[in-house]
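Dear colleague,

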Amino acid sequence: MAQLFTKDTQAIFWNNNTSAIQRMLDYDFVIGRKTPSVAAIVAPTGDSKFQKFFWGGDEIMVPLYKSTPEAKKAFPNADVLLNFGSFRTAYDVTMEALDLGGFKTIMITAEGIPERLARGMNAKARNLGVTVIGPATVGAIAPGAFKIANIGGTIDNIINSKLHRAGSCGLVTRSGGLFNELSNIIAINADGIAEGVAIGGDRFVGSVFIDNLLRMQDNPEVKYMLLLGEVGGTEEYKVIDAIKEGKITKPIIAWCIGTIAKYYSSGVQFGHAGASANAERETAEAKNKAMAEAGIYVPSSFNDLPNKIAEVYGKLKAEGVITEISEPVINAIPSVRKSKNFICTISDDRGDEATYAGFPISSVATPDTGKGIGDVISLLWFKKQYPKWATQFIETVIKTVADHGPAVSGAHNAKVTARAGKSVVESLVTGLLTIGPRFGGAIDGAAEHFKYADDNNLSPAEFLNHMKKLGIPIPGIGHRIKSLRNPDLRVVGLKKYAAEHFPSTPLLDYALTVEQLTTSKKDNLILNVDGTIGILMVDMWRALGYSEEEINEFISSGTLNAFFIAGRTIGFIGHVLDEKRLAMPMYRHPMDDILYQVDMAEEI
Amino acid sequence: MAQKAIREYDAKTILAKHWDKYFPDFTYAYETIMVQNGAELKSAASHKTWLANKPLVAKPDMLFGKRGKNGLVLFRDNKPGDVSLDKAASWIDEKSSSKQNVYFSFHGDTPEGEPKTDYLTHFIVEPFTPHEQAEEYYISATCVGDDDVLYMSAEGGMEVEENWDKVTEVKFAITETEEEIEAKIRANIPKDVADKDKEGFAKFAIGFFKAYRELNFAYLEINPFVMQGNKIELLDMVAKLDDTAGFMMTEQWGDIEYPTSFGMEEKSPEVMAIEEADSKSGASLKLTVLKPDARIWTMVAGGGASVVYADTIADLAGIEDLANYGEYSGGPTTGETQFYAETLLDLMTRSKDPQGRNKVLIIGGAIANFTDVAKTFTGIILAFEKYADKMKDVGVKIYVRRGGPNYEKGLKDIKEAADRLGLWIDVYGPETHVTDIVRMAVEA
């Protein structure tokens with residue numbers, strides 16, 4: 001691959017480094033990228049599901065994951081890993097990503113990864129054909145396409161240094177700070193860069209000068225290269241060899257910094273860990289001399305570098321190798337941006353007509369639309385268009401749980417409150433507040449525990465044993481009076497609907513084997529209506545293609561209870577209106593229905 | 001610097017600590033002690049009985065080699081192997097009482113070049129081990145390029161550089177497995193290792209190379225080791241550690257010290273304070289004092305830029321004018337920058353220029369990627385406030401060049417602060433070439 005990055009390149013960013021990520025997204029916006037360059041963030045210790053960032057003046061959300069495999073699974077096309085782990089964790093993060101596969105480039109920012117680990121990591125990446133940038137680097141940039149983290153600095157500097165659009169120089173440096181400086185010098189003395197890499201300051205870095213220069217040789221956008229080397233190491237000689245072997249034919253300008261090192265025999269570490277000459281040929285002088293002899297453009301000093309760049313650029317332009325670049329239009333980032341305190345992802349009232357998950361209300365409301373309350377729930381609760389069999393199942397559930405007579409505690413509460421002269425809403429909520437682990441909660445519990453048993457391949461007997469150990473009766477099993485011989489017709493209806501319309505019902509099938517075992521012990525230990533609803537909801541979501549994690553999250557966030565709340569609200573309102581209609585007086589519980597046993601409080 | 005030299009005593013201590021893991025077929029008595037004077041040695045004899053019972057060898061343990069040729073190995077009083085505890089103690093006191101000349105290079109036995117002169121402060125003392133020349137072997141390992149290299153020779157105790165043809169060199173890629181490494185070592189045991197020792201040599205070399213790798217040595221040399229059956233003596237050792245592995249080697253290495261080399265300036269308290277601050281910070285703070293009386297001081301941001309400034313000062317002003325080398329980078333806090341600046345200002349205002357010239361402070365840097373320039377400059381300004389009077393006494397001209405996030409504010413703030421404090425200052429941004437302020441300062 002001749003180009004390191006394109007305008008479609010997306011990265012997974014390991015560590016929620018918000019300022020660096022914001023810089024990337026600002027860059028994306030300025031150059032007019034369609035997709036954010038950061039697809040996902042790995043934040044192992046965070047609890048949030050996403051992080052908000054500015055996208056121009058607006059805001060977007062970038063999803064957060066606990067691990068690289070989860071992020072990669074969600075964004076398989078994100079083939080760059082930006083590893084911002086510390087020197088303690090960066091190695092493990094890289095090795096995990098290499099084992100996982102699917103990454104073309106891994107950038108590592110940490111400085112001071114143990115050398116032996118860095119060597120093993122770099123060798124493994126090389127064998128797998130993965131380009132490693134770093135360790136100890138600020139990154140790389142393909143102007144006008146993709147920029148890693150902080151490289152290039154602020155947006156103002158990026159534009160001043162013409163890093164917002166491709167120029168014609170391929171820039172490779174060790175130092176990240178001087179990378180920016182050179183971009184600026186190249187922008188002033190030539191037309192900017194086509195691709196740039198700061199390879200990193202540690203002694204053992206993944207991709208070295210020659211790797212990057214060979215790629216740039218093949219990249220048609222690059223017309224000439226600039227290499228800024230350092231005292232120490234012999235990497236520059238590989239470049240000289242490549243020129244001699246004819247592998248590199250484009251002009252190269254090069255300079256090795258650290259000419260001062262010759263004055264100090266040892267003991268003074270100039271610059272990076274990699275910058276220490278162990279032999280005469282590793283000194284900056286020797287390398288500058290050898291490069292000049294190989295036909296590389298070498299200035300007389302760092303001060304002279306700008307002149308050399310202007311000279312080579314002028315020559316290539318005169319030869320017609322480099323043509324004039326038309327400056328692209330750039331998007332301006334508003335100077336004042338305000339972060340929004342609330343986020344809404346389900347509906348929008350900013351247009352002509354309010355929408356439910358993108359659908360104008362009128363397009364789902366009237367009968368001729370063919371949409372029912374199940375469709376509205378699927379849009380507003382799940383942001384998806386569920387198929388008919390699923391929306392009708394939802395409606396069946398809502399209808400099934402709408403009421404269960406006046407005696408159940410929620411309805412009783414609502415009635416007592418209504419008789420105290422309170423309003424519909426006050427009476428309703430007293431009823432709703434009863435809903436929880438004991439009232440209506442069996443739907444949640446049944447879904448949770450049956451799914452657990454099924455996920456873990458527990459036999460019905462093992463499941464019963466498991467619940468016994470937990471010390472709780474199995475939610476969704478058992479009825480006051482109904483039995484196998486005298487079945488609950490609501491359950492019969494639900495099961496019949498599922499059998500006819502669901503693609504499959506694996507959890508229900510499992511639950512029925514459990515029911516066989518429980519009813520063999522006691523006749524009324526049947527799968528009740530709560531259990532059936534909870535279990536069939538899981539089957540519905542499975543058939544709709546949700547992952548097990550997503551379904552677990554529905555269960556733990558109380559979504560199943562929500563169906564009960566929505567349905568039973570209908571019944572409670574009925575009871576409240578009934579009380580209003582009957583104008584019954586304030587309720588007082590009869591004293592003879594209360595067992596009084598009040599002992600004198602002891603002094604302690 | 002990732003690779004750091006350690007004392008011979010510490011190298012032996014690390015190997016002894018893990019001896020049974022790497023050398024289960026051999027024994028090593030680990031009779032060795034490091035002392036700073038004779039009294040310390042004598043008092044140690046109460047718990048290390050071998051000091052009084054065995055003839056001794058004493059030599060300085062200060063990271064330099066060629067101790068024999070420098071006449072700094074005590075192994076004979078009247079004849080080889082007769083050094084007593086008293087003799088060793090008095091020899092150590094004698095050698096440490098005045099500065100000693102040490103040559104680092106020899107042609108044959110003739111010293112070459114200039115000697116370094118300094119006090120000897122650390123000595124290693126061990127029993128004298130009578131042995132045959134044939135029992136001495138050489139082994140070392142290090143990393144060359146991308147590979148590990150194991151060097152082995154049947155000739156121990158020699159000048160390796162002068163006898164390179166007697167050394168077998170085996171290269172290993174980092175990816176090679178334990179089995180591949182073992183087979184390769186066995187296949188390359190030097191031919192002239194005595195037949196009776198070949199198996200033992202192979203086992204020792206395999207363990208040695210494994211210890212080198214697993215204990216994160218950057219360089220490890222035993223020259224010579226003595227093999228008498230399954231009994232090993234480590235007569236002379238040189239070692240460097242990869243100190244970036246320190247965080248995972250605390251248990252394996254124990255409490256390790258990285259001494260400065262002989263003849264180098266002892267680290268000043270200021271330099272040690274900066275090192276301490278550096279180790280506690282996510283940012284990078286580095287300082288080396290080259291010539292405390294020199295005229296030009298640098299406070300440069302960035303590892304690369306700092307080198308470019310040093311290069312340019314050497315080119316334009318000459319090396320004798322450069323007082324220090326250092327850099328701060330990686331987004332240091334205001335407090336860290338202030339501490340760094342105060343340390344420099346304190347050092348540079350201790351004396352006036354002997355020739356009566358102004359001193360020069362170069363506050364330089366490239367265009368920062370993410371370091372907030374105004375924030376770091378706030379730290380420098382706070383340091384100015386504290387040292388303004390001293391700076392004026394000495395006569396300091398300040399040249400600033402910097403770019404990066406918030407640089408306009410940073411430059412404006414530092415200019416205003418210097419003007420308010422009556423300090424001479426010139427301030428430039430990214431439109432000025434990065435090292436051009438050096439030219440301005442030198443030409444002024």
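The notes below go through the parts of the structure that I looked at, chain by chain.

Please bear in mind throughout that this is a predicted model.

I begin with the place where the two chains meet, to which chain B gives 44 residues and chain A gives 42 residues. On the side of chain B that touches chain A, α10 (303–316) and β18 (324–329) of chain B each supply at least two residues, and α10(B) accounts for the largest share, with 11 residues. Sorted by class, that side of chain B consists of 23 nonpolar, 16 polar and five charged residues.

Staying with chain B, strand β17 (residues 296–301) is largely enclosed by the rest of the structure, because six of its six residues are buried. In a regular strand, side chains alternate between the two faces of the sheet. In β17(B), B:Ile296, B:Thr298 and B:Val300 point one way while B:Trp297, B:Met299 and B:Ala301 point the other way, and all of them are buried. The strand β17(B) runs parallel to strand β19 (residues 359–365) of chain B, to which six bridges join it, and within this pairing B:Val300 stands opposite B:Gly364.

B:Glu8 counts as buried because it has 25 C-beta neighbours inside 10 Å, where the cut-off is 20 or more. If its neighbours within four places in sequence are left aside, B:Glu8 is in contact with B:Asp61, B:Ile124, B:Met237 and B:Val238. From B:Glu8 to B:Asp20 there are 12 residues in sequence and 20 Å in space, C-alpha to C-alpha.

Turning to chain A, the chain is divided into domain 1 (11–318) and domain 2 (409–582), and the C-alpha centres of these two domains of chain A lie 57 Å apart. Helix α7 (residues 209–218) of chain A is mostly covered, with seven of its 10 residues buried; these are A:Phe209, A:Ile210, A:Asp211, A:Asn212, A:Leu213, A:Arg215 and A:Met216. Among the elements of chain A that cover the buried residues of α7(A) are β10 (169–173), β11 (193–198), β12 (224–230) and α8 (235–244). Helix α17 (residues 460–470) of chain A, by contrast, is hardly covered, since the count of buried residues among its 11 residues is one. Just after α17(A), A:Gly471 takes a positive phi of about 75°.

With kind regards

How values were computed:
Residues are numbered from 1 along each chain as its sequence is written. Chains are lettered from A and ligands numbered from 1 in the order in which they are written. This is a predicted model: local features need pLDDT of at least 70, side-chain atom pairs count only at pLDDT 80 or more; totals for chains, interfaces and linings use all residues. Two residues are in contact if their C-beta atoms, placed from the backbone, lie within 7 Å. Helices (H or I, at least four residues) and strands (E, at least two) are DSSP runs, numbered from the N terminus. Ala, Val, Leu, Ile, Met, Phe, Trp, Tyr, Cys and Pro count as nonpolar, Asp, Glu, Lys and Arg as charged, and the others, Gly among them, as polar. A residue is buried if 20 or more other C-beta atoms lie within 10 Å of its own, exposed if 12 or fewer, and partly exposed in between; C-beta atoms are placed from the backbone. Domain bounds come from an automatic or database domain assignment. Two strands pair if DSSP finds at least two bridges between them.
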